[in-house]
Number of protein chains: 2
Amino acid sequence: MCENCGCQNLTHEHIININKNVFEYNDSFAKENRKFFEEKKITAFNLLSSPGAGKTTLLVNTIKNLQKNTNLAVIEGDQESDLDAEKIRTTGVKVKQINTGKACHLDAHAVAHAVKELNLLDSSLLFIENVGNLVCPASFDLGEKRKIVILSVTEGEEKPLKYPYIFAVSDVLVITKLDLAQYVNFNFDACEKYARSINQKMKIFRVSAKTSEGMGAWFDWLKHQGA
Amino acid sequence: MCENCGCQNLTHEHIININKNVFEYNDSFAKENRKFFEEKKITAFNLLSSPGAGKTTLLVNTIKNLQKNTNLAVIEGDQESDLDAEKIRTTGVKVKQINTGKACHLDAHAVAHAVKELNLLDSSLLFIENVGNLVCPASFDLGEKRKIVILSVTEGEEKPLKYPYIFAVSDVLVITKLDLAQYVNFNFDACEKYARSINQKMKIFRVSAKTSEGMGAWFDWLKHQGA
């Protein structure tokens with residue numbers, strides 16, 4: 001029942017029950033994915049951000065650095081188009097595009113099918129680029145080892161306070177587009193303080209894929225994440 | 001049933017039925033809001049964008065231009081915090097913050113309560129700043145006269161192709177942060193072509209709230225939207 005007006009058309013409780021079913025369904029697939037990844041020693045990363053934060057550019061540059069010595073694969077999530085998969089394909093690594101249509105996030109079921117099609121090699125790193133959205137993907141476990149939230153400096157330093165749930169569930173924050181920070185007066189210290197006020201243990205990187213500033217530390221961290 | 005694996009844990013059909021209930025519930029409140037706005041000659045705008053596209057900055061500058069001659073009010077939607085409402089409050093106009101918690105969009109029910117609290121004057125312009133999200137808010141009618149989608153140049157010109165639903169339902173596209181276009185090689189012609197391939201009738205503005213470039217045309221358009 002609505003706390004404000006007492007209306008009963010569709011109660012809050014009803015919506016919670018709906019969500020419970022959706023999450024249970026998703027979690028059963030996430031559990032299977034995680035088991036599969038562990039058996040094959042595959043390390044999966046779930047990349048989360050707003051639209052346009054620079055996930056794909058970060059990924060292309062990351063692949064170029066790591067692909068010589070590591071088996072890599074990518075799953076791309078977007079409502080429509082395979083523009084991101086095309087960009088990844090130029091690097092030569094395996095990629096599968098998932099179009100979610102009206103849905104606002106990837107789910108573990110769709111990822112399970114994509115993983116099957118990719119025919120992954122043992123000990124691969126798998127990057128799953130989620131639909132650009134700072135809200136919904138926070139709630140859907142895909143079976144990944146790490147959730148990585150990516151925030152570009154042009155979005156503003158206060159985002160962890162306005163979208164806390166995605167920062168709470170992520171292990172790592174990558175602050176992107178360092179090269180633009182000077183034009184938007186981005187306050188790094190404030191951003192990191194806000195992020196850690198939500199998630200004390202958060203690992204934080206500051207990078208520019210354009211100038212390569214900070215990318216070395218990010219690559220090094222990834223290289224040590226393999227199973 | 002899943003087209004790929006035939007699993008039946010939670011069918012696609014089931015999810016569609018859930019959504020149908022949620023939308024019917026929302027639409028009943030949207031209808032009431034629209035009726036109320038029409039009776040009071042209030043013009044409501046639903047502002048949609050990714051997080052950090054510059055909705056609040058655009059709004060603060062818009063209010064400063066219009067408030068001398070027009071009754072204005074604002075509803076702010078965010079998962080958490082009242083940072084945006086605080087920024088709006090500095091202009092002196094009426095503002096109500098809605099925190100959606102884990103929800104990814106405003107709904108017409110919450111807006112109905114906010115409207116009641118705002119005690120709006122007849123013939124007002126009401127700006128409803130939705131939760132930063134290029135996906136979910138597209139599906140929820142709030143009773144507004146116009147949906148306005150805001151895209152910053154730092155997000156990239158291809159966004160209409162990747163998130164077509166929100167561009168399909170919006171009447172207006174405001175491209176923001178013109179002052180940063182030179183640093184990110186934003187292709188305005190391509191962006192507008194993509195937007196119009198989704199929505200032929202879309203009205204498009206190019207603005208920078210920082211330098212005021214293009215803001216005059218946007219203000220003029222708003223001044224002619226009153227009931």
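This is a predicted model: local features need pLDDT of at least 70, side-chain atom pairs count only at pLDDT 80 or more; totals for chains, interfaces and linings use all residues.
For chain A, the average pLDDT is 93, and 92% of the residues score at least 70.

Now step back from that pair of strands to the sheet. In chain B, seven strands make an open sheet, and reading across it you meet them in the order S3-S2-S4-S1-S5-S6-S7, with parallel pairing. Where does the sheet end? Its edge strands are S3 (94-99) and S7 (203-206) of chain B, each of which pairs on one side only. From one strand to the next, the twist averages 20 degrees.

Turn to chain A and you will find an open sheet of seven strands there too, in the order S3-S2-S4-S1-S5-S6-S7 and with parallel pairing. Strand S3 (94-99) and strand S7 (203-206) of chain A are the edges, pairing on one side only. Neighbouring strands of this sheet are turned by 20 degrees against each other on average, direction ignored. Inside the sheet, strand S1 (residues 43-49) and strand S5 (residues 146-152) of chain A pair in the parallel sense over five bridges. One link to look for joins Asn46(A) to Lys147(A), its bridge partner in S5(A).

You can find Asn130(B) in the loop between strand S4 (125-129) and S5 of chain B. Leaving out residues up to four places away in sequence, Asn130(B) touches Asn46(B), Leu47(B), Leu48(B), Gly77(B), His105(B), Leu106(B) and Pro137(B). Ile75(B) is 55 residues from Asn130(B) along the chain, yet their C-alpha atoms are separated by 8.3 Å.

The helices come next. In helix H4 (residues 108-118) of chain B, the buried residues are Ala108(B), His109(B), Ala110(B), Val111(B), Ala114(B) and Val115(B). Here a general rule is handy: an α-helix has 3.6 residues a turn, so residues three or four places apart point the same way. After H4(B) comes Asn119(B), with a positive phi near 50 degrees.

In chain A, look at how two helices meet. The axes of helix H2 (residues 55-66) and helix H9 (residues 215-223) of chain A come within 11 Å and cross at roughly 65 degrees, and the crossing is right-handed. Asn61(A), Thr62(A), Asn65(A) and Leu66(A) of H2(A) meet Met215(A), Phe219(A) and Leu222(A) of H9(A). Sorted by class, this contact has four nonpolar, three polar and no charged residues.

Finally, how many residues does each chain bring to the contact between chain A and chain B? Chain A and chain B bring 41 residues each. On the side of chain A, helices H1 (12-39), H4 (108-118), H5 (159-162) and H6 (164-169) each supply at least two residues. H1(A) gives the most, with five residues. By class, this side of chain A has 18 nonpolar, 16 polar and seven charged residues.

Key: Residues are numbered from 1 along each chain as its sequence is written. Chains are lettered from A and ligands numbered from 1 in the order in which they are written. Two residues are in contact if their C-beta atoms, placed from the backbone, lie within 7 Å. Helices (H or I, at least four residues) and strands (E, at least two) are DSSP runs, numbered from the N terminus. Ala, Val, Leu, Ile, Met, Phe, Trp, Tyr, Cys and Pro count as nonpolar, Asp, Glu, Lys and Arg as charged, and the others, Gly among them, as polar. pLDDT is the predictor's confidence in each residue, from 0 to 100. Two strands pair if DSSP finds at least two bridges between them. Axes are lines fitted to C-alpha atoms, for helices over the stretch in contact, and angles run from 0 to 180 degrees between N-to-C directions. A residue is buried if 20 or more other C-beta atoms lie within 10 Å of its own, exposed if 12 or fewer, and partly exposed in between; C-beta atoms are placed from the backbone. A crossing is left-handed if the near helix is turned anticlockwise from the far one by less than a right angle, and right-handed if clockwise.
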